Amino acid sequence: MVDGETKTGLTTEQRNERSLQLDRLSTLEIVQIMNSEDRKVADAVERAIPDIVRAIDPIVETLAKGGRLFYVGAGTSGRLGILDASECPPTFGVSPDLVQGIIAGGEQALVRAVENAEDDGEQGARNIRERVTAKDAVVGISASGGTNYVLGAIGEANRIGAVTVGISCNAGTPLSRAAQYAIEVPVGPEVVTGSTRLKAGTAQKMVLNMISTVAMIKLGKVYGNLMVNVQATNRKLRDRVIRIICDATDVDPDTARLFCGEANGDARIAILMIKFGISRMQAEEVLAGERHHFGNAMRRLTERRN
């Protein structure tokens with residue numbers, strides 16, 4: 001699916017010289033070309049790291065002050081934003097309101113194309129007015145960097161006073177000029193001309209992974225590299241919580257299960273109980289006092305013990 005305006009100057013809309021005879025190639029040859037082109041995505045993201053870092057820090061500050069993060073996009077870009085947002089609650093134990101996705105055309109656009117939705121800049125602005133405040137951050141996602149819906153959303157977010165970030169896969173885009181923080185990841189022409197669900201979509205997901213993951217780490221939702229805030233909503237995740245407790249405290253699985261049960265499945269509480277020999281209530285009080293930042297809670301208890 002093509003995301004944004006069709007302009008011959010956009011590299012995402014140009015023909016890829018390596019795939020001009022794509023329909024005549026074998027399955028192996030097509031897959032090899034796709035894999036070779038996908039290798040370029042990580043390099044393009046690497047070149048954008050300084051801009052990614054500049055954008056992440058104000059987002060973290062926004063969330064730390066009680067604000068929220070909104071992803072806004074159309075088509076594939078919008079779906080990727082909603083995907084990343086929807087994975088934050090189970091992975092990091094945060095409220096579904098903290099990171100939200102907004103897609104042109106509404107929920108029905110998640111499963112089928114909504115004609116002309118991406119061209120409606122006024123609707124983009126209305127969607128922002130309905131949900132965003134000056135305390136929030138808005139990330140506009142557009143492979144072309146010229147999607148009217150996203151430009152309308154970012155323009156309104158700027159007017160409101162929210163932090164604004166633009167992610168695009170071309171250089172010198174309108175979205176980059178509109179947003180306070182611009183992230184450009186030019187990945188070059190797609191294997192299937194204009195199909196920005198391919199390299200451009202992969203690049204966008206990689207950047208969104210960085211934004212949400214770094215933000216959650218900075219908010220204290222990760223201990224070392226352990227997802228201590230994970231919500232144990234199924235057997236796999238319940239087993240993961242036990243492994244996390246074991247890895248963080250060096251206890252055996254039976255001991256981890258005992259403390260996990262006493263902590264009502266909360267790995268953070270179980271870890272604090274084990275490491276500092278405190279009750280569940282004491283662990284909960286310290287964690288709440290540090291606004292549920294696990295690293296800060298650990299430091300506070302370490303200071304007390306010393």
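Predicted model: local features only at pLDDT ≥ 70, side-chain atom pairs only at ≥ 80, totals over all residues.
I started with the surface: the protein chain exposes about 14700 Å², and carbon and sulfur atoms supply 50% of that area.

Next I looked up burial. Of the 306 residues in the protein chain, 50% are buried.

Then the overall layout. I find 12 helices and five strands in the protein chain. The C-alpha trace spans about 65 × 50 × 35 Å along its principal axes. I also checked the contacts with a separation of 6 or more, and residues 24 or more positions apart account for 66% of them.

I have 37 positive and 38 negative side chains in the protein chain, with the centres of the two sets 3 Å apart.

On to backbone angles. Most residues other than glycine have a negative phi. I noted two residues with a positive value. Asp250 has a phi near 65°, and I place Asp250 in the loop between α8 (235-249) and α9 (253-262). Asp250 counts as exposed because its relative accessible area is 72%, and the cut-off is over 50%.

Arg291 has a phi near 55°, again positive in a residue other than glycine. I find Arg291 in the loop between α11 and α12 (294-305). Its relative accessibility is 62%, so I log Arg291 as exposed.

Last entry: Gln282. Which helix holds Gln282? I trace Gln282 to α11, residues 280-289. Gln282 is only partly exposed, because its relative accessibility of 41% falls between the 20% and 50% cut-offs.

Definitions and conventions
Residues numbered from 1 in each chain as written. Heavy atoms only, no water. Helix = DSSP H or I, 4+ residues; strand = E, 2+ residues; numbered from the N terminus. Buried < 20%, exposed > 50% of the residue type's maximum accessible area, 1.4 Å probe, protein only. Contact = heavy atoms within 4.5 Å. Areas by Shrake-Rupley, 256 points an atom, 1.4 Å probe, with all protein chains shown as cover. Lys, Arg positive; Asp, Glu negative; His and termini not counted. Charge placed at Lys NZ, Arg CZ, Asp CG, Glu CD.
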